[in-house]
Amino acid sequence: MKTFLASIKKEFLVLLRDRSGLGILFIMPLALVVIMALVQDGPYKNFQKSEYPMIFVDNDKDTVGAVVERNIRDAHIFKINTEIDGVPATEKMAREAVSQGKYRAGVVVPAGLSKYLRRNARILVAKTFSGFPEAGSSHVPKPPDSMNVKYFLDPLTTFSFKNTIIYILEKSLSSLISQTLTINYYKHFENFYPVENKINFDSCQIIGMQEISASSTYNADVVFNSVQHNVPAWTMFAMFFIFLPLAGSIIKERDYGTFIRLRFMPGSFSTLIAGKVFLYTIVGCIQFLMMLAAGRSLLPALGLPALIIGHSYAAIAATVLAASLAATGFGVLIGTFFSTHQQMVTFGSISVIILAALGGIFVPIYIMSKTMAKISKYSPLEWGLNAFNEIFLHQGTFINIYLDSLKLLLFASTAFLLSFLYYKYKRIH
Amino acid sequence: MEKEIIIQVDKLSKYYKGNSYPAVDDVSFAINRNEIFGLLGPNGAGKTTLLSVMCGLFKPDSGHVLINGSILHQHLKSLKKIIGIVPQDIALYPTLTARENLIFFGNVYGLSRKFLDDKIDQCLAILELEKSKNKRINTFSGGMKRRINIAAGLLHEPEILFLDEPTVGIDIHSKKVIIDYLKDINKKGTTILYTSHLIAEAEDFCSYIAIMDQGKIKTGGKPADLIRSYEKTQNLEDVFLQLTEKSLP
């Protein structure tokens with residue numbers, strides 16, 4: 001026990017005086033989480049409430065123009081502008097402004113579109129009841145180009161963004177067509193039958209939809225935003241960068257000759273390594289607490305949403321401990337296998353970056369291709385990130401994360417075992 | 001009065017992987033209790049390898065080492081407690097202070113707090129490092145580092161002290177302090193095995209000298225006896241050159 005405590009104290013003092021090591025462990029992840037959360041805040045809003053600037057030209061100034069504008073506003077995705085530099089926008093001005101990137105999209109409702117809709121609806125209804133087969137033909141004439149609602153997009157616009165605009169316009173136009181036709185049918189029947197109750201078709205909703213909870217524990221307030229992604233993601237990344245000071249300390253001990261001295265001494269050598277593992281596991285836990293504090297306080301102060309962490313503190317503790325042990329295991333393995341600092345830094349850094357990329361640290365796994373998403377399941381960073389997402393986003397408990405935590409512990413155990421076997425092999429040869 | 005043997009090396013050989021020739025080749029000798037045994041030889045003679053096997057760092061490929069009558073590799077754990085090591089490298093933590101280094105190594109030896117504090121103060125005083133005890137090792141001169149390196153191997157008052165080139169590359173003052181200290185602890189009962197290629201220092205310091213080359217012990221005896229037993233030799237350096245046919249550094 002004395003050897004173990006002495007090793008922890010020594011490691012603590014060495015780390016405390018290693019400024020670059022402390023920077024890698026605490027400053028770098030904090031900077032990463034702040035910068036990445038701020039940078040990715042915009043892209044993440046693609047999936048949530050966001051207000052992209054849109055130029056809206058209403059030449060119709062009637063029902064169609066009003067309904068389209070209302071539906072765009074109700075989508076809460078666009079900030080509608082009708083003027084450019086204080087001047088009411090025209091189609092030409094709008095297209096130019098969008099092509100210059102001043103607006104993400106433009107929509108133009110042509111003049112007289114409402115009148116065109118009403119007139120054609122009347123004609124169609126009249127044809128339906130005219131009694132002449134050729135007049136009642138199901139063929140509906142295609143509107144001329146001048147009567148189309150036009151939209152144009154910034155070339156940088158994503159596919160999902162374009163689909164959203166198409167959906168809003170289609171929804172607006174189809175509801176207007178059906179309502180106008182219904183009203184005209186209504187009027188037609190009024191000529192023959194007395195109508196006792198006039199129905200307001202505008203507010204008529206025969207069938208509808210409703211969002212319900214996916215599970216009893218689901219918290220509708222939790223939204224997957226850049227903070228919810230970046231804080232746990234970069235926490236995992238930072239934890240695995242523990243390898244750098246940890247493996248560095250193992251290689252330095254070999255270089256200094258202290259390992260040799262310690263091997264001559266009566267204390268168990270594995271106890272001394274256990275001291276390193278213990279200290280760096282605690283460092284991993286401190287990193288998590290620091291990142292948690294950043295997510296709860298620092299990021300909201302910078303205008304980002306606060307991190308929501310769920311309610312299962314036991315599950316969080318289990319995940320943090322397992323992830324920390326996996327990271328220290330990785331560090332011990334790298335430090336044992338590589339004989340020079342340069343080899344260790346190069347291999348270790350690239351490995352962590354690859355594991356991070358596969359593990360969904362840089363981009364969420366659901367954006368990845370199917371093949372990459374399958375491969376990502378083998379990254380320890382993914383196990384940790386997945387467990388954090390389960391707890392934070394899905395209000396998961398220990399039941400939901402135990403498998404990922406076990407995988408992390410298995411990874412740690414394998415790393416320690418391989419390190420031990422390699423150390424033994426090197427001693428013999 | 002017959003002298004008591006504390007270390008017995010018996011037909012010891014050690015090969016390194018990939019080498020067809022042994023680093024230590026069928027070596028046998030004995031070290032008496034309270035002796036200062038000098039193991040001299042040119043670079044690559046096998047001194048450090050032999051020392052490493054005698055300390056238990058490597059297992060021999062053949063032969064064995066007996067310490068106090070017990071086979072070293074069978075009683076390694078208990079025998080390590082009576083052995084002190086001073087490696088050739090400055091095996092210290094450069095960002096820790098002298099005192100922090102000594103506390104750490106003392107704790108690994110399992111020493112009590114009181115004993116360790118007293119021992120550290122005593123070592124630092126004798127090695128003239130009291131004023132620097134709270135300074136970091138990376139601010140020390142080469143000689144100061146060597147002195148702390150020795151202190152770290154002596155904290156637990158070992159019966160046997162292995163020293164691998166303890167005075168290499170240091171100033172005269174530090175060298176004198178170290179040699180005086182080692183003579184002092186030898187007087188108090190510590191047996192010393194010392195490797196060096198500094199012949200003049202060994203001639204003055206050691207009570208018994210063995211000259212090693214190409215993995216073998218070429219000769220051994222008291223320094224004066226060795227000089228007398230070879231023709232045309234005035235000092236140990238002449239003996240060394242005759243036996244190893246190599247110039248000294």
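1. Of the 429 residues of chain A, 36% count as buried (20 or more other C-beta atoms within 10 Å of a residue's own, with C-beta atoms placed from the backbone; 12 or fewer is exposed, and in between is partly exposed). Please keep in mind that this is a predicted model, where local features need pLDDT of at least 70, side-chain atom pairs count only at pLDDT 80 or more, and totals for chains, interfaces and linings use all residues. Residues are numbered from 1 along each chain as its sequence is written, while chains are lettered from A and ligands numbered from 1 in the order in which they are written.

2. Chain A has 16 helices and six strands (DSSP runs numbered from the N terminus: H or I of at least four residues for helices, E of at least two for strands). Among its contacts (C-beta atoms, placed from the backbone, within 7 Å) between residues at least 6 apart in sequence, 82% join residues at least 24 apart.

3. Next, a helix pair. Helix 1 (residues 2-16) and helix 11 (residues 269-301) of chain A pack at about 50°, with axes 8 Å apart (axes are lines fitted to C-alpha atoms, for helices over the stretch in contact, and angles run from 0 to 180 degrees between N-to-C directions). The two helices of chain A are therefore oblique to each other (under 35 degrees is roughly parallel, over 145 roughly antiparallel, 65 to 115 roughly perpendicular, and the rest oblique). Residues meeting here include A:Phe4 and A:Phe12 from helix 1 of chain A, and A:Leu272 and A:Phe278 from helix 11 of chain A.

4. In chain B, helix 1 (residues 47-55) is mostly covered, with eight of its nine residues buried. Among them are B:Leu50, B:Leu51 and B:Val53. Just after this helix, B:Gly56 takes a positive phi of about 95°.

5. Finally, the interface: 23 residues of chain B are in contact with 20 residues of chain A. The largest share of chain B's side, four residues, comes from helix 3 of chain B.

Conventions. Contact = placed C-beta atoms within 7 Å.
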